[in-house]
Amino acid sequence: MKKSPLQKARAAYKPKLPVVLTGAVKAVEGKPTQSVANQEEIHQLFPNTYGLPELKFEKNANPTAGKPVNVGVILSGGQAPGGHNVICGLFDGIKKIHRDSRLFGFLMGPGGLVDHKYIELTSAIIDEYRNTGGFDIIGSGRTKLEEKEQFDKGLEICKELGITALVIIGGDDSNTNAAVLAEYYKSIGAGIQVIGCPKTIDGDLKNECIETSFGFDTATKVYSEVIGNIQRDCNSAKKYWHFIKLMGRSASHIALECALQTQPNICIISEEVEAKDMTLDDVVNSIADVVAARANYGNNFGTVLVPEGLIEFIPAIKRLIAELNNILAENKEATAGFDADELEKFISSHLSEENAATLRSLPANVARQLMLDRDPHGNVQVSLIETEKLLSEMVGKRLQTLAAEGKFTGKYSALHHFFGYEGRCADPSNFDADYCYALGFNAACLINAGVTGYMSSIRNLVKPSVQWIAGGIPITMMMNIERRNGADKPVIQKALVRLDGAPFLKFAAQRDDWAMNTCYIYPGPIQYFGPTEVCDQPSLTLRYEHQGK
């Protein structure tokens with residue numbers, strides 16, 4: 001396969017491990033843990049893996065010889081830069097335990113485990129994928145591991161291959177599945193360890209021990225480069241308002257990070273919209289007011305960053321979606337044969353008056369998407385709702401009203417963008433290359449420590465990588481009970497943007513200036529080679545969250 005000069009150069013990059021992982025390690029136990037909420041319910045559901053202690057790795061002065069271990073690895077959910085390096089770190093880590101250790105990759109996600117589709121990952125394969133983007137080494141998928149039959153099918157292939165540990169690389173849902181699988185295998189004495197690794201570009205899988213999910217750093221740098229390019233064009237043509245939707249269904253971390261990097265005129269933070277109980281009209285009017293104010297100074301241009309999940313954070317629409325979810329879940333069999341028109345009529349007739357009024361207030365295409373378009377988990381497919389176009393059109397109508405009142409005399413022309421897939425498979429930044437390699441190598445150490453139901457944890461990430469702290473946390477520690485498809489289920493709690501957190505406060509202190517003045521920053525592309533301050537910096541979110549610590 002022909003490679004570009006950059007591919008060849010990146011293949012030669014040597015990720016930097018935390019110094020503690022460069023020699024033999026021992027696991028030191030901390031205090032017992034409990035789930036972030038619903039402690040009794042989570043404990044009942046996970047009696048064998050609940051309450052485990054945090055683990056921290058330290059140098060081991062008296063190591064013992066390791067034994068060969070066969071490990072299976074699964075890439076689950078959407079792609080994130082650095083996934084290949086997690087696998088490379090895992091491979092090198094188990095080979096360090098014993099040179100005869102073997103790594104098997106299950107193809108196309110958790111479904112590969114259930115369907116017994118796999119390849120053995122050899123050094124020749126691994127070396128082709130070091131420091132590369134994408135998940136194409138084994139592919140990924142979104143099969144949910146929920147049923148006993150699936151667990152037992154996975155156990156069959158593990159026994160056949162002599163696999164005694166599984167590493168699941170995924171987001172909150174995937175790691176929830178890892179916790180369920182770990183509990184089941186522990187309860188039946190299967191002898192299979194399950195370890196998770198925190199992946200999602202959305203940045204919503206984190207806590208004090210998981211400081212960031214991998215891929216977030218690279219993806220936000222990719223998006224910020226393109227936003228900067230658009231802002232340069234915007235400031236050159238001086239005649240367009242660019243509405244830019246960014247990935248982030250359940251939290252606005254991506255939008256906030258990109259705003260801190262590029263300083264747009266407007267950035268909507270979904271969590272703030274919800275906290276202030278804003279309506280869709282409130283959001284639209286706030287944008288229109290900025291457009292009108294800039295026009296007073298002859299600036300008929302600007303940029304607006306819009307989080308992908310905004311619609312679900314508007315309280316009235318959130319209440320509507322919750323009722324829609326319950327109606328669809330409770331009447332699944334009754335509506336199974338309905339066509340789209342019949343389903344719409346059925347839903348409309350079962351809605352409360354408040355939510356029916358909210359539904360009627362929305363543009364017809366958006367209302368239809370809320371009712372009909374669902375993902376495999378039963379969620380509204382917000383990425384299909386063109387929120388950026390919806391907002392720009394509504395802003396245009398509001399400006400017409402303001403013009404009729406003599407409050408807007410400028411010009412308004414909107415362009416639209418959605419940045420999502422562009423950032424998911426980029427070659428990882430040096431930060432993500434190092435972080436991911438450490439996560440995988442650390443997962444091998446957790447396997448060697450004999451634990452199960454843990455997530456690989458690398459901390460102290462604002463320091464140079466050699467100073468990072470390695471260990472593991474019980475996955476159950478991150479869990480709570482949420483309503484999914486009409487039923488209460490244990491899931492990892494998503495980390496939302498904290499309105500009292502340093503990154504948001506930094507943004508909030510400057511946004512009025514950004515709105516009225518043109519303060520654009522042009523970050524440029526990811527730099528893989530050069531001075532440390534250019535190439536190896538973590539995200540601004542991480543930096544602000546840990547300033548002074």
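This is a predicted model: local features need pLDDT of at least 70, side-chain atom pairs count only at pLDDT 80 or more; totals for chains, interfaces and linings use all residues.
**Notebook: pockets, cavities and cores**

Residues are numbered from 1 along each chain as its sequence is written, and side-chain values use heavy atoms, with hydrogens and water left out.

**Entry 1: the second largest pocket**

I recorded a volume of about 750 Å³ for the second largest pocket. The lining comprises 28 residues, of which Lys-206, Asn-207, Glu-208, Arg-498 and Glu-545 are the closest to the pocket centre. On a 1 Å grid over the protein atoms alone, a pocket is an open set of points with protein on both sides within 12 Å along at least five of seven lines; a cavity is a set where a 1.4 Å probe fits but cannot get out; lining residues have an atom within 4 Å of a point. Grid points are joined across faces, edges and corners, and a volume is the space filled by probe spheres set on the points.

I then checked the helices (DSSP runs of H or I, at least four residues, numbered from the N terminus). Helices α9 (253–262), α19 (502–516) and α21 each supply at least two residues of this lining. The largest share, 3 residues, comes from α19.

**Entry 2: the cavities**

I counted 2 cavities of 30 Å³ or more.

I list Tyr-13, Pro-15, Asn-85, Cys-88, Arg-130, Asn-131 and Tyr-437 as its lining, which divides into 4 nonpolar, 2 polar and 1 charged residues.

**Entry 3: the nonpolar cores**

I took a nonpolar core as a set of buried Ala, Val, Leu, Ile, Met, Phe, Trp, Tyr and Cys residues joined through side-chain atoms within 4.5 Å. Buried means under 20% relative accessible area, exposed over 50%, and partly exposed in between (1.4 Å probe, protein chains only). The largest core has 73 residues, and Ile-87, Leu-90, Val-167 and Leu-246 touch the most other members. Helix α18 (residues 430–448) gives the most to this core, with 12 residues. A second, separate core of 46 residues includes Val-284, Val-291, Phe-346 and Ala-367.

Residues up to four places away in sequence aside, Leu-246 touches, among others, Tyr-223, Ile-227, Cys-258, Glu-308 and Phe-419.

**Entry 4: two buried residues**

I located Glu-312 in helix α12 (residues 310–313). Glu-312 counts as buried because its relative accessibility is 16%. Its side chain makes a polar contact with the side chain of Arg-249 at 3.0 Å. A polar contact is a pair of N or O atoms within 3.5 Å; within protein, one must be able to donate a hydrogen and the other to accept it, and residues adjacent in sequence count only if both atoms are side-chain atoms.

I placed Thr-176 in helix α7 (residues 172–187). Thr-176 counts as buried because its relative accessibility is 5%. Its side chain reaches the backbone nitrogen of Ile-492 at 3.0 Å. Neighbours within four places in sequence aside, Thr-176 is in contact with Met-479, Pro-490, Val-491 and Ile-492.

Key:
Ala, Val, Leu, Ile, Met, Phe, Trp, Tyr, Cys and Pro count as nonpolar, Asp, Glu, Lys and Arg as charged, and the others, Gly among them, as polar. Contact means heavy atoms within 4.5 Å.
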